[in-house]
Amino acid sequence: MAAVLQVLPCLARAPLRPLLLGGTVVRLASGMALAEQARQLFESAVGAVLPGPMLHRVLSLDPGGGQLKVRDRSFQLRQNLYLVGFGKAVLGMAAAAEELLGQHLVQGVISVPKGIRAAMEHAGKQEMLLKPHSCVQVFEGAEDNLPDRDALRAALAIRQLAESLTADDLLLVLISGGGSALLPAPIPPVTLEEKQTLTKLLAARGANIQELNTIRKALSQLKGGGLARAAYPAQVVSLILSDVVGDPVEVIASGPTVASVHNVQDCLHILNRYGLRAALPRSVKTVLARADSDPHGPHTCGHVLNVIIGSNALALAEAQRQAEALGYQAVVLSAAMQGDVESIARFYGLLAQVAGTRLTLAGAGASAEEGEQLRELAAELQLPDLQLKEALEAVVRARGPVCLLAGGEPTVQLQGSGKGGRNQELALRVGVELGRQPLGPVDVLFLSGGTDGQDGPTEAAGAWVMPGLASQAAAEGLDVATFLSHNDSHTFFRCFRGGVHLLHTGLTGTNVMDAHLLFLRPR
């Protein structure tokens, strides 16, 4: 309640100020200029994984128009090219494919989130929309990212198109995050409701995402390689935009074009573990009983080419290039940042302290205790690709400003009913951490943003912070701890300094998780 009471005065304050103020106070102007650079780098990361650039990197038509080249593979086109797709970014991906492939495309079906066409039209993103008389049929469904009847109709239309293809045909499959909810097609007699109920029961008893996906695939017509089987004997090219740490193709959208490595015994083992085998609906028992003997066509996917066309690592690499062009010593720390935002925030706070000391004192006088704490926390987070040692060595070598980049998908432990998202909460927590200890003669800025342009149920993509945040907020009558206890980061940033710290990009039409940027600039 305290956080709500604090909101009321701030709503009547001045409207949101633009990101770059060019103000009269030197320190403020310096901080805002640094924030503008952070925003530019974030936008360059997003730009690298927009549908148009991504597809043009991997697809090309020969000058005569007779062949489609996908990286180093070529496919003959003769009115035999079909398209299906499912995911939050697939509308823009389909529009880019239509622009590139033109009259070679015979027919298509895509399943996209409810309301996305209207949202893109409202945002003026015409490049994310199909042509008025497109041959691609669009289904909208999966409201609130939950499988529903509309998404089921889309999945069945996709299956029907795939099953109609012959050995002479080529199926282009577009996949992005959210594709699993947009492609629900339970194997009869299992109903959508029965499958959802079983999934919820497993989740409630502690099943992890790998176990949930194993069950989902076993009960699905299209997941776990089912779409590839439906399209056989046609050739299949699957273009995948990854929103999963590590880019595992069998996990993204539950792997519809990747042969499942699990069998019925794996499913029964999971169901036994959580005490659900005896309570299974008759329909689920029927499907599992016949799964090993039912002929579904090839169990391998040798007729499929799976290509990751966009990922968090690719986005960070572009931001790194742009940072170096601006004169920063830039290092990518990790593309697999995951874990609770509180731990991730402590990591970034310690990193800023250790790196700032090494940068301003050329490595001398750095606290051994803080460095050890940083290494211990990094070990606890178990980040598989963390380049911490390399980053700190680069900081020591640096003669000027440093930019440390990372990405991934941290998690938030919900305690309150406030408004926000993982990026705004992470930024707010990092802001608190940066204010705990003096950082010396160095300007520090941290930005966290969701590459889809929407952080939680808000219109912001994320936020940026500097070390003085907590004390400046207190001067405005805002208690950071209260907002954090309510998971109310968005309300805090709307109130704090008139909302200037919020990152607004609008819907981007892509999604490769989040990007984190940590800047250190000697004064």
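## Strand E15 and its partners

Strand E11 (residues 402-408) runs antiparallel to E15, and seven bridges join the two. Helices (H or I, at least four residues) and strands (E, at least two) are DSSP runs, numbered from the N terminus. Two strands count as paired if DSSP finds at least two bridges between them. Within this pairing, Leu404 sits opposite Leu518 of E15. Strand E12 (residues 442-450) is also antiparallel to E15, with nine bridges. There, Asp443 has Arg521 in E15 as its bridge partner.

E15 itself spans residues 514-522 and is mostly covered, with seven of its nine residues buried. Buried means under 20% relative accessible area, exposed means over 50%, and partly exposed lies in between (1.4 Å probe, protein chains only).

## Basis of the model

This is a predicted model: local features need pLDDT of at least 70, side-chain atom pairs count only at pLDDT 80 or more, and totals for chains, interfaces and linings use all residues. Residues are numbered from 1 along each chain as its sequence is written, and side-chain values use heavy atoms, with hydrogens and water left out.

## The annotated region

Over residues 402-514 the chain is 29% helix and 20% strand. The C-alpha atoms at the ends of this stretch are 20 Å apart.

## Strand E5 and its crossovers

Strand E5 (residues 105-113) has seven of its nine residues buried, so the rest of the structure largely encloses it. Strand E4 (residues 81-86) runs parallel to E5, joined by six bridges. Val84 has Val109 in E5 as its bridge partner. Between these strands the chain passes through helix H4 (residues 90-101), and this β-α-β crossover is right-handed. A crossover is right-handed if, with the strands pointing away from the viewer, the path from the first strand over the helix to the second runs clockwise.

E5 also pairs with strand E6 (residues 136-141), in the parallel sense and over six bridges. E5, helix H5 (residues 116-122) and E6 form a right-handed β-α-β unit.

The protein chain is divided into domain 1 (25-49 + 313-522) and domain 2 (51-186 + 225-259 + 297-310). These bounds come from an automatic or database domain assignment. The C-alpha centres of domain 1 and domain 2 lie 34 Å apart. Their contact takes 14 residues from domain 1 and 16 residues from domain 2. Contact means heavy atoms within 4.5 Å.

Interface size is often given as the accessible area lost when the parts come together. Domain 1 and domain 2 bury about 1200 Å² between them, with 64% of it on carbon and sulfur atoms. Buried area is the accessible area (1.4 Å probe) that two parts lose on being put together, summed over both. In domain 1, Leu507, Gly509 and Asn511 lose the most area to domain 2. Together they account for 38% of what that side buries.

## Packing at Val58

Val58 lies in helix H3 (residues 51-58). Its relative accessibility is 4%, so Val58 counts as buried. Leaving aside neighbours within four places in sequence, Val58 is in contact with Lys69, Val70, Arg71, Leu239, Val307 and Ile309. Arg71 is 13 residues from Val58 along the chain, and their C-alpha atoms are separated by 5.1 Å.

## Backbone points to check

Most residues other than glycine have a negative phi, and most peptide bonds are trans. A cis peptide bond joins Pro188 and Pro189, with omega about 10 degrees. Pro189 lies in the loop between strand E7 (170-175) and helix H7 (192-204). Tyr232 and Pro233 are also joined by a cis peptide bond, with omega about 15 degrees. Pro233 lies in the loop between helix H9 (226-231) and strand E8 (235-241).

Asn487 has a positive phi, near 50 degrees, and is not a glycine. Asn487 lies in the loop between helix H18 (480-485) and helix H19 (489-495). Its relative accessible area is 5%, so Asn487 is buried. Met513, not a glycine, has a positive phi of about 70 degrees. Met513 is found in the loop between strand E14 (502-503) and E15. Met513 is buried, at 2% relative accessible area.
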